[in-house]
Amino acid sequence: MHNAIITITNLRLRTYIGFNPEEQEKRQDVVLNIEIHYPGEKACMNDTVDDALNYKVVTKAIIEHVENGRFLLLEKLVSDVLDISTEHSWVTYAKVTIDKPHALRFADSVSLSLSWSKPE
């Protein structure tokens, strides 16, 4: 069996993230990295669109949710994106990491990761 792995790298979005008053008043940059696994054997053999997981549909849903949302915690934002990433029944594993650039004075960014595996 072929394990297809979709990797969405450095998806840059803007959203309201944080619980400090200034964070709730203006959008901040976030950088998303998403990995989605699914069985890709049929897509590899048949070259048929219906046999592949449509990463464009997944990405559009993530963009809409993130850019139209308000989040106090990075944990909630990452969890929501992970939920969207695993909605399709074919998904067997997913991992989401979101960076919040310039969240700390002397660091490039702060990031949080969550992963999910389909129960066997």
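I started with Phe 19, which sits in the loop between strand E1 (3-17) and helix H1 (21-25). The model is predicted, and I kept that in mind throughout. I looked up the cover on Phe 19 and got 56% relative accessibility, so it counts as exposed.

The largest nonpolar core has 26 residues, and I noted Leu 32, Ile 62, Leu 77, Val 81 and Ile 98 as the ones touching the most other members. I listed the elements that each supply at least two residues of this core: E1, strand E2 (28-39), helix H3 (55-67), helix H4 (74-85) and strand E4 (93-101). Leaving out residues up to four places away in sequence, Ile 62 touches Leu 11, Leu 32, Ile 34, Val 81, Ile 84 and Ser 85.

I then went through H4. Its 12 residues should span 16 Å at 1.5 Å a residue, and I found the end C-alpha atoms 16 Å apart, which agrees. The buried residues I noted in H4 are Leu 74, Leu 77, Val 78, Asp 80, Val 81, Leu 82, Ile 84 and Ser 85. Their cover includes E1, E2, H3, strand E3 (70-71), E4 and strand E5 (109-117).

I searched the whole structure for salt bridges and found 4. One of them joins Lys 100 to Glu 23, with the closest N and O atoms 2.8 Å apart. Lys 100 is in strand E4 and Glu 23 in helix H1, so this pair ties together parts 77 residues apart in sequence. I recorded both Lys 100 and Glu 23 as buried.

Asp 80 came up again, in a salt bridge with Lys 76 at 2.9 Å between the closest N and O atoms. The two are 4 residues apart in helix H4, which means a separation of about one helical turn. Asp 80 is buried at 10% relative accessible area, while Lys 76 is partly exposed at 46%.

I also noted the salt bridge between the side chains of Lys 42 and Asp 51, 4.0 Å from N to O. Lys 42 counts as exposed at 55% relative accessibility, whereas Asp 51 is buried at 15%.

Last, I looked at Glu 67 in helix H3. Glu 67 has 29% relative accessibility and so counts as partly exposed. Setting aside neighbours within four places in sequence, I found Glu 67 in contact with Leu 13, Arg 14 and Arg 27.

Notes
Residues are numbered from 1 along each chain as its sequence is written. This is a predicted model: local features need pLDDT of at least 70, side-chain atom pairs count only at pLDDT 80 or more; totals for chains, interfaces and linings use all residues. Side-chain values use heavy atoms; hydrogens and water are left out. Buried means under 20% relative accessible area, exposed over 50%, partly exposed in between (1.4 Å probe, protein chains only). A nonpolar core is a set of buried Ala, Val, Leu, Ile, Met, Phe, Trp, Tyr and Cys residues joined through side-chain atoms within 4.5 Å. Contact means heavy atoms within 4.5 Å. The expected span of a helix is 1.5 Å times one less than its number of residues.
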